[in-house]
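Welcome! Have a look at the sequence and the model below, and then let us walk through some of the features together.

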Amino acid sequence: MSEGFAVTPWNVKGKVDYDKLIEQFGTKKIDEQLLIKMRNSAGELHVLLRRGIFFSHRDLDLVLQDFEQGKGFFLYTGRGPSRDMHVGHIIPFIFTKWLQEKFNANVYIEVTDDEKYLAKQDLELEEVKQAAKENILDIIAVGFDKDKTFIFQDTQYIKQMYPLALKIAKKLNFSEVKATFGFENSTNIGMLFYPALQIAPTFFEKKRCLIPAGIDQDPYWRLQRDLAPSLGYLKAAAIHSKFFPPLTGIEGKMSSSQPETAIYLTDDEKTVRNKIMKYAFSGGQPTIELQRKLGGNPDIDISFIWLYYYFEDNDKRIEEIREEYTSGKMLTGELKEILIEKLNTFLEVHRQEREKRKDMIKEFMYEGKLASQMWENNIF
Ligand code: TYM
């Protein structure tokens with residue numbers, strides 16, 4: 001915490017300095033040149049790339065090279081299931097789906113009911129499994145291609161992964177995982193083995209694996225990259241996103257366990273309105289007169305930041321909003337209304353897609369082309 005912030009897979013504290021994080025984690029910034037390469041390969045740039053929300057990477061240049069040379073690559077991401085999935089959690093999946101479409105790549109999605117159960121003292125395994133089912137429906141709603149996507153839950157798929165996890169576990173010693181994750185003597189022993197299971201899917205194909213995820217997950221990829229060559233696999237590549245900040249202000253990340261900081265995928269229109277009006281931290285002035293005179297500060301205004309990060313994808317419109325808000329032409333209430341409308345439209349579409357695809361769990365987890373191939377082939 002000496003830098004004023006800390007990022008681990010389980011917690012984010014303080015105002016994250018993303019440039020410093022790149023240094024701390026030893027990753028690379030996604031620069032202009034790489035964005036141009038990405039645009040050339042994909043045909044366009046997703047808003048999360050244009051706005052720098054996916055901002056850091058490992059070996060993304062090599063992934064694009066593999067793609068251009070016809071070798072291809074595969075995608076891997078995941079979710080530690082909890083009852084309430086918030087809009088920040090769904091962002092990596094939206095981006096992964098875009099990558100799948102543009103690069104025609106297989107996607108593997110790990111649902112880590114084991115990790116969640118082990119990490120949270122107060123959770124029963126049955127509760128986590130129920131949450132997993134709900135979260136999987138949310139993930140399916142994003143629109144993945146059922147023939148090229150495999151969603152698997154650790155407690156079910158463990159038998160298939162175990163041989164691979166063993167090989168990984170044998171390469172990791174206690175002091176390494178302790179240093180990487182800050183484990184203590186009181187940490188339960190399940191947590192010590194778990195990293196082997198989060199690393200295992202990076203070896204599901206012999207091609208290069210690209211992992212789109214929040215940067216909090218990077219410590220796992222660091223370990224993976226150290227041990228992969230010795231097991232005859234490629235080092236995993238990663239593309240990292242910033243965190244959607246909590247509604248209450250730019251420090252930390254939106255958190256499932258603090259309802260006032262998050263918009264959940266299950267929030268109805270009224271709840272969204274109430275939360276944004278009540279909690280969304282404003283960079284505006286205390287009175288209308290002062291706002292008109294001095295303008296607001298979009299850099300600390302959560303409504304603006306959320307619109308900028310994802311919810312207003314029109315580049316021209318977002319700059320107009322910035323201009324109007326900064327100049328005082330737009331009031332805080334008006335800015336909040338824009339976000340409320342965008343969020344409610346997003347959530348309405350999500351609800352509809354979830355309903356439409358609610359009977360597809362089997363296809364993604366067992367019966368789709370990639371899913372059945374994974375269960376049938378003893379690839380490990
Ligand atoms: P989990 O469930 O904590 O988070 C799921 C994904 O959401 C990202 N994330 C966020 N992104 C933007 N803003 C936020 N406020 C925010 N909070 C979380 C996370 O970085 C993650 O990408 N251990 C993992 C599960 C997992 C996994 C993986 C994740 C297993 N294998 C491979 C990514 C890639 C977990 O508990 O994620």
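## Before we start

In this report, two residues are in contact when they have heavy atoms within 4.5 Å of each other. Please keep in mind that this is a predicted model.

Let us begin with a residue in a loop. Glycine 80 sits between strand E5 (73–79) and H5. Is glycine 80 buried or exposed? With a relative accessible area of 16%, glycine 80 is buried, because buried means under 20% relative accessible area.

Which residues does glycine 80 touch, leaving aside its neighbours within four places in sequence? The contacts of glycine 80 are Thr112, Glu115 and Lys116. Isoleucine 263 makes another reference point: the C-alpha atoms of glycine 80 and isoleucine 263 are separated by 18 Å, and the two residues are 183 residues apart along the chain.

## Two residues with a positive phi

Most residues other than glycine have a negative phi. Aspartate 59 is not a glycine, yet its phi is positive, at about 60 degrees. You can find aspartate 59 in the loop between strand E4 (54–58) and helix H4 (60–68). Its relative accessibility is 17%, so aspartate 59 counts as buried. Not counting residues up to four places away in sequence, aspartate 59 touches Arg208, Arg225 and Ala237. Isoleucine 239 is 180 residues from aspartate 59 in sequence, while in space their C-alpha atoms are 8.6 Å apart.

Asparagine 104 also has a positive phi, of about 50 degrees, although it is not a glycine. Its loop runs between helix H5 (87–103) and strand E6 (107–111). Is asparagine 104 buried or exposed? Asparagine 104 is exposed, since its relative accessible area is 53% and the cut-off for exposed is over 50%.

## Helices H2 and H5

Now turn to a pair of helices. The axes of helix H2 (residues 32–42) and H5 come within 9 Å and cross at roughly 60 degrees. The two helices are therefore oblique to each other. On the H2 side, the contact is made by Met38, Ser41 and Ala42; on the H5 side, by Trp98, Leu99, Lys102 and Phe103. Sorted by type, the residues of this contact of H2 with H5 are five nonpolar, one polar and one charged.

## Helices H8 and H10

How do H8 and H10 pack, and at what angle? Helix H8 (residues 154–171) and helix H10 (residues 189–199) pack at an angle of about 100 degrees, with their axes 8 Å apart. This angle is why H8 is described as roughly perpendicular to H10. H8 brings Asp154, Ile158, Met161, Tyr162, Ala165, Ile168 and Ala169 to the contact, and H10 brings Phe193, Tyr194, Ala196, Leu197 and Ile199. The residues of the contact of H8 with H10 divide into eleven nonpolar, no polar and one charged.

Alanine 165 lets us zoom in on H8, the helix where it is found. At 0% relative accessibility, alanine 165 counts as buried. Leaving aside neighbours within four places in sequence, alanine 165 is in contact with Phe193, Ala196 and Leu197. Lysine 13 lies 152 residues from alanine 165 along the chain, and their C-alpha atoms are separated by 31 Å.

## A cavity and a pocket

How many cavities of 30 Å³ or more does the count give? The count comes to one cavity. About 30 Å³ of space lies in the largest cavity. Its lining is made of Thr202, Phe203, Glu205, Lys206, Lys207, Tyr233 and Leu234. By type, these lining residues are three nonpolar, one polar and three charged.

Finally, visit the second largest pocket, which holds about 400 Å³ of space. Of the 17 residues that line this pocket, the closest to its centre are Lys242, Ile250, Asp299, Ile305 and Tyr309. Which helix gives the largest share of the lining of the second largest pocket? Helix H14 (residues 302–311) does, with four residues. The lining of the second largest pocket divides into eleven nonpolar, one polar and five charged residues.

How values were computed
Residues are numbered from 1 along each chain as its sequence is written. This is a predicted model: local features need pLDDT of at least 70, side-chain atom pairs count only at pLDDT 80 or more; totals for chains, interfaces and linings use all residues. Side-chain values use heavy atoms; hydrogens and water are left out. On a 1 Å grid over the protein atoms alone, a cavity is a set of points where a 1.4 Å probe fits but cannot get out, and a pocket is an open set with protein on both sides within 12 Å along at least five of seven lines; lining residues have an atom within 4 Å of a point. Grid points are joined across faces, edges and corners, and a volume is the space filled by probe spheres set on the points. Ala, Val, Leu, Ile, Met, Phe, Trp, Tyr, Cys and Pro count as nonpolar, Asp, Glu, Lys and Arg as charged, and the others, Gly among them, as polar. Axes are lines fitted to C-alpha atoms, for helices over the stretch in contact, and angles run from 0 to 180 degrees between N-to-C directions. Angles under 35 degrees count as roughly parallel, over 145 as roughly antiparallel, 65 to 115 as roughly perpendicular and the rest as oblique. Buried means under 20% relative accessible area, exposed over 50%, partly exposed in between (1.4 Å probe, protein chains only).
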